Amino acid sequence: MTQAAPVTDEALREEVRAWLADNWKGLPRSGGGAGWTASPEQKAWLAKVVEARWAVPRWPAAWLGRGLSDAQARIIEREFAAAGAPGAGQDRTNLWANTLLACGTEALKQKLVLPLLRQEVGMCLLYSEPGAGSDLAGIRTRAERVGDHFVVNGQKVWTSGAATADYGMLIARTDWDVPKHKGISFFFLPMKQPGVEVRPLRQITDESHFNEVFITDAIVPAENLLRDLGDGWSVLQTALAYERSVMGESARGGRSGAAESKTEEPLIALAREAGALGDPLLRQDLAQAIAYKRLNALNTARAKADLAQGSSSPVMSLGKLAMSRILHEEARVRTAILGAASLLEGPDHPRSEDANFLALNAYFTSIGGGTDQIQRNIIGERVLGLPREPEVDRDIPFREVRSGR
Amino acid sequence: MASLSAEERSALRDAVSRLLADKSTEADVRRTMETETGYDSGLWGQLAEMGVTGLVIEEAYGGAGAGPMEVEAVMEAAGAALLCSPLLASSVLAAELLRALGDEDAKARLLPDMAAGKTIVTAALTGDAGTWVEDGVSVTADAVDEAFALNGVASYVLNGQNADVLLVLARADDGLAVFEVDPKADGVSLAGLPTFDHTLRLARITFSGAPARRIGGAAWRAVQAAIDLALVALAGEQAGAAQRCLDFTVDYAKNRYQFGRAIGSFQAIKHMAADLLLETESAISAARHAAARLAEGAADAEAAVSLAAFACADAFTRTTADAVQMHGGIAFTWAHPAHLYLRRARADAQLFGASPAHRERFLKALGA
Ligand SMILES: Cc1cc2nc3c(=O)[nH]c(=O)nc-3n(C[C@H](O)[C@H](O)[C@H](O)COP(=O)(O)OP(=O)(O)OC[C@H]3O[C@@H](n4cnc5c(N)ncnc54)[C@H](O)[C@@H]3O)c2cc1C
């Protein structure tokens, strides 16, 4: 790793503060909901952050970083958070850029690392298929080498952001005669080409963020292969680990745009507003839902402190499971506060709109990025060291594996 | 000792763990819990030598002058080993009550021997119903010449039968006050209660004109401070015990085979274990956070202590309950240690108030 000149915590903090004071002027609010694509103002801001080397300070200097320790990088993240400025800490959260930096060819890195950090290119994850969800090693989309590129055929599903994406991180089968984990390769597939057809799916939230993707003789250049042919499973593990840790820390808010109290716990404010704060049963639920949130924050803080002291903590792996518990419970309590009002929706009923949306969208975390059940398997096996589940198809050539829905 | 660094604190926890691994084995616990006093005086002496019995007592009185974070760390180790001792009653609750009352005369008289492990003091804070709230106190104190006479009943008194000195919360003319009472004095009758958790000692104490000496002034704030520190200690005990219980359960799941597989490879078991890991890790975070906030005297200390109180009680209760289930029939036997932890969990969950009350206090502390 390229090491920048060592800097004291204090000097670093001063430098970020001064830079933010000179440069951060705020961004116009990008109307409601979670933005799946960055606005021109956001992109311009990110470009500045990247250029000043605040975006990925843990990365080496050769790749726009500062070679800083985790503890020092967090100083930068805290200053950005305090100012309300986005863009720092991408070396923790930007799963595309991290996967590419860790596993990509030199040519692909030169081409895409900078645009990824500036969010100039849109990305999506082409993992799930109709016949392969939790069991991603069961994918049947195939990629075949033809000269200096690969030809891809198959179908993907639940692909968030596919409609706007420039590239998809694709897993495809390149060898059918080896056991299922061994014949998979990982690519950056260009999405804007005739062989890639994206069809939006209507979600339970009535939105359409995810899609079906039909891939017919699509082309991917050989330099877009990450690691070696047949080594895709290991790349996928790297990418999934980033995805899960991000999901353990963040969650979408409501979608009505109704203002929430900044000073008081939103659940308490809502109960107060609804005149329900005196209900002793509800108060028990309120306390418990707020407690789940606080406990997760405390766990995360402890894991970070452990990490700073050089010991890794099992707590890190618990974030996603904790988050899905928090989201489902929060939605349940919101609904309990509103009572019959939760039967309604639409602009005249923003509180119900939020409660109902959150109840549905909580599945984003408990299913997306691997289900809670899979997460429990992972914690049981990798953290607690319990024996793996027997897999009937682990050692046989994929050609002979049974499939079906 | 005073406030230790994080490393020193974990060294302290490790040192106590090592001692208890040797002296508070399952066999030791089983033997000790059936004795009259319910604790091992030899081990108590060793804990005193390590400074554990005087942890929160000021250095001027022979203590370590440490704080909530050190207490919490020690209690994690004590909980894991199911230590039978008056640590919570004497070294935490009574010691903190004396500190908070700030009566120099009483401190000088009692604290040095408490720190040295020679004197065991306990605090009788509840009325007959065991509620640990202001309204629950039913002992009354009447002024008699220079001294006082106590009348009434205090029950669920932790380690009452071990105490050389009682600190009794009673109603005086000017409100609640704390009184020092000799348990052997006339007018004091003390009965040990048959506890569900055999590692615990509780007594019911009846006062009929018992001679008492008043300590300090208005008492409730001091009692609340003592209960808060005791809650942090208890949270540490619960977190440490839950973790130990999860550890031996996971171990069992790796080694017990059914249907030709280790039972830990079955998801019904594996998923329970993963959920329990979330519970126990959250308990540890909550207990340590509460200790840190209390040590700082932070404005949100009350919220942090209440959160730890119910999170740790619930986590320990659930961990022990699921641990029994995951062990199957073997855990239903007296010979298996799971029920010892289950009993401790159910007992700890009632001391100083139960989870619903702590959830309510947590919410109030958040301004609701
Ligand atoms: C909002 C959202 C966004 C998504 N975005 C993307 C995306 O951008 N790109 C992408 O590729 N995918 C995406 N996904 C797909 C997601 O990763 C899969 O839905 C998920 O991994 C589950 O796969 P499945 O839907 O096929 O369910 P299945 O795997 O069929 O699971 C069905 C049920 O069986 C259980 N189950 C399956 N296997 C096991 C096992 N071994 N042990 C215990 N239980 C098991 C599951 O927990 C679940 O309850 C998204 C999903 C959602 C909900």
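A salt bridge is taken here as a side-chain nitrogen of Lys or Arg within 4 Å of a carboxyl oxygen of Asp or Glu. I applied this to a predicted model, and the count between chain B and chain A came to 5 salt bridges.

I looked up one of these pairs. The side chains of A:Arg283 and B:Glu360 form a salt bridge, at 2.8 Å from N to O. I then counted polar contacts across the interface of chain B and chain A and got 19 residue pairs, both partners at pLDDT 80 or more.

Next I asked which elements of chain B touch chain A. Those giving two or more residues are helix 1 (6–23), helix 7 (220–255), strand 9 (261–262), helix 8 (267–296), helix 9 (301–327) and helix 11 (355–365). Helix 8 of chain B gives the most, with 16 residues. By class, I noted 18 nonpolar, 8 polar and 12 charged residues on this side of chain B.

For the extent of the contact, I found 38 residues from chain B and 38 residues from chain A. The buried area is about 3200 Å², and carbon and sulfur atoms give 64% of that. B:Lys270, B:Leu278 and B:Leu363 supply 18% of what chain B buries against chain A, more than any other three residues.

Last, I checked the cores. The largest nonpolar core has 105 residues, and B:Leu88, B:Leu97, B:Leu167 and B:Phe352 have the most contacts inside it. Helix 7 of chain B gives the most to this core, with 13 residues. Leaving aside neighbours within four places in sequence, I listed the contacts of B:Leu167, among them B:Ala94, B:Leu97, B:Val121, B:Phe179 and B:Ile215. Another core, of 49 residues, lies apart and includes A:Val16, A:Ile75, A:Ile76 and A:Ala239.

Technical notes:
Residues numbered from 1 in each chain as written. Chains lettered and ligands numbered in written order. Predicted model: local features only at pLDDT ≥ 70, side-chain atom pairs only at ≥ 80, totals over all residues. Heavy atoms only, no water. Contact = heavy atoms within 4.5 Å. Buried area = accessible area lost by both parts, 1.4 Å probe. Polar contact = N/O pair within 3.5 Å; in protein donor to acceptor, adjacent residues only side chain to side chain. Helix = DSSP H or I, 4+ residues; strand = E, 2+ residues; numbered from the N terminus. Nonpolar A, V, L, I, M, F, W, Y, C, P; charged D, E, K, R; others polar. Core = buried A, V, L, I, M, F, W, Y, C linked by side-chain atoms within 4.5 Å. Buried < 20%, exposed > 50% of the residue type's maximum accessible area, 1.4 Å probe, protein only.
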